[in-house]
Amino acid sequence: MKKSYKELFTKYKEGAATVEERLQVEEELERFEALSQYLEDEFRDTDVEEETGEPVNKEALAVEKLVKKRLREVMLKGALISLLLLGLIFYGLSPLVSTLYYNPMNESLSSVEKDVSLDLAVLSELTMPEYASSSVYVEAKGFGSYQMRYSITDLFYQNSIVTEKKIVRGSVVETLNSLYDREPLFITPLEIMREEKESRKQREDIIELLSGLGSTNYGSVSVLFKNSLSMEELREFQTRYENIRLQWVAVENGQGVQTSSLVTGFSPLGSRRSAHLFSDETLLKEYPGLHLLDWLVHQGERSEDGASLEAEGYEKHYEALLYYALDRKSEISVHSERLKETEVLEESAAYVEEHGVRTYGVLLDGTVEDLLVLLEDEAVEWMEIKEMKVLGP
């Protein structure tokens, strides 16, 4: 009994058909495919005839197909040309625009660090007693736009926060985790700190507070001296209290004491601030003393005033920081609105040239016991507690 095509096709799909049956089914499939193609072509031609109301001209249809093909080619070429032009604009014009504005990706000062990493390291040491900046990661966005990311470390607690900045054509337009609102070195106005009665009362209050704390407490304090100290006198003060760590030295610049935006200074020997960003030889040839320890080891020409090596190193280091910042003020000011709005660098340089490097106060760390001893020193007029923590076992 001859099987129906439906039965044969079912066996074919299930893989149960014989060789002869499989050949029969495949032959029918080929016929169906040819028939379908024929009907599709006829249907397309019929549609054209129905739309126009006229018999289809095969030659005209072929021309129409050719025209459509060429049109697609032209459109594709147009799209490719547009993409090429966009690429040329971005990769050709964008770098040109970027050269007109501040570029934090430049590496003109050091063979290992971007200029912006050095700029922020100098800025933080000069104006941020309690914080230090890291190397900076920069991503160019085109047309003078950059995304920056770096860490700011709290030198007392030794923890860091990530700061992000978006710079567009020489201006910071977005900032995440800014430290512009940090406290000044001294909160109390200078006229109160210099008033004998207030100074004595504040000293008594600090002694009472510290005496009530346990011996494992460790504090960060700012200290105002009765009289400004030369770097030689500062070095003597530092060696007198070996257990106390000097973190930052405020340098006189003729602008008073308490205004944070006008305070400049440096980190002395023993500070927790790292100087690894300043270790490049090319940089140190231009600014000798920028890396304090390097200058102490490979000191150049010494002055003849008889100052100790360390005291002279402090002077050289502060001057190197100051002159670096002056040379690159336009670049550094991008990151500090308050620096941009003042002439503190110029005034500091002029003051130091006339009066030398002298300090009116310091930021230091010590145990409760060490701080109580320090309060007995006649050179100390005022002390403010900045931070306090408990040391681990």
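This is a predicted model: local features need pLDDT of at least 70, side-chain atom pairs count only at pLDDT 80 or more; totals for chains, interfaces and linings use all residues.
## Salt bridges and a cavity

At 14% relative accessibility, K329 counts as buried, because anything under 20% falls in that class.

One partner is E346: the two form a salt bridge, with the closest N and O atoms 3.2 Å apart. This pair links distant parts of the chain, since E346 belongs to helix α13 and K329 to helix α11, 17 residues apart. E346 itself is partly exposed, with a relative accessible area of 32%.

K329 also pairs up with E343, and here the closest N and O atoms are 3.6 Å apart. Again, distant parts of the chain are linked: K329 is in helix α11, while E343 is in the loop between α12 (337-340) and α13 (344-355), 14 residues apart. At 42% relative accessibility, E343 counts as partly exposed.

How many salt bridges does the structure hold? There are 11. Another one of them joins D119 and R328, whose closest N and O atoms are 2.7 Å apart. This pair, too, links distant parts of the chain: D119 is in helix α4 (residues 115-127), and R328 is in the loop between α10 (309-327) and α11 (329-332), 209 residues apart.

| Salt bridge | Closest N and O atoms |
|---|---|
| D119 and R328 | 2.7 Å |
| K329 and E346 | 3.2 Å |
| K329 and E343 | 3.6 Å |

A search of the whole structure turns up three cavities of 30 Å³ or more. The second largest cavity holds about 60 Å³ of space.

Which residues line the second largest cavity? You'll find P129, E130, D154, L155, F156, S220, Q247, R272, L363, D365 and E387 around it. Sorted by type, that lining has four nonpolar, two polar and five charged residues. Pro, Leu and Phe count as nonpolar, so P129, L155, F156 and L363 go in that group. The charged group takes in E130, D154, R272, D365 and E387, because Asp, Glu and Arg count as charged.

Terms used: Residues are numbered from 1 along each chain as its sequence is written. Side-chain values use heavy atoms; hydrogens and water are left out. A salt bridge is a side-chain nitrogen of Lys or Arg within 4 Å of a carboxyl oxygen of Asp or Glu. Helices (H or I, at least four residues) and strands (E, at least two) are DSSP runs, numbered from the N terminus. Buried means under 20% relative accessible area, exposed over 50%, partly exposed in between (1.4 Å probe, protein chains only). On a 1 Å grid over the protein atoms alone, a cavity is a set of points where a 1.4 Å probe fits but cannot get out, and a pocket is an open set with protein on both sides within 12 Å along at least five of seven lines; lining residues have an atom within 4 Å of a point. Grid points are joined across faces, edges and corners, and a volume is the space filled by probe spheres set on the points.
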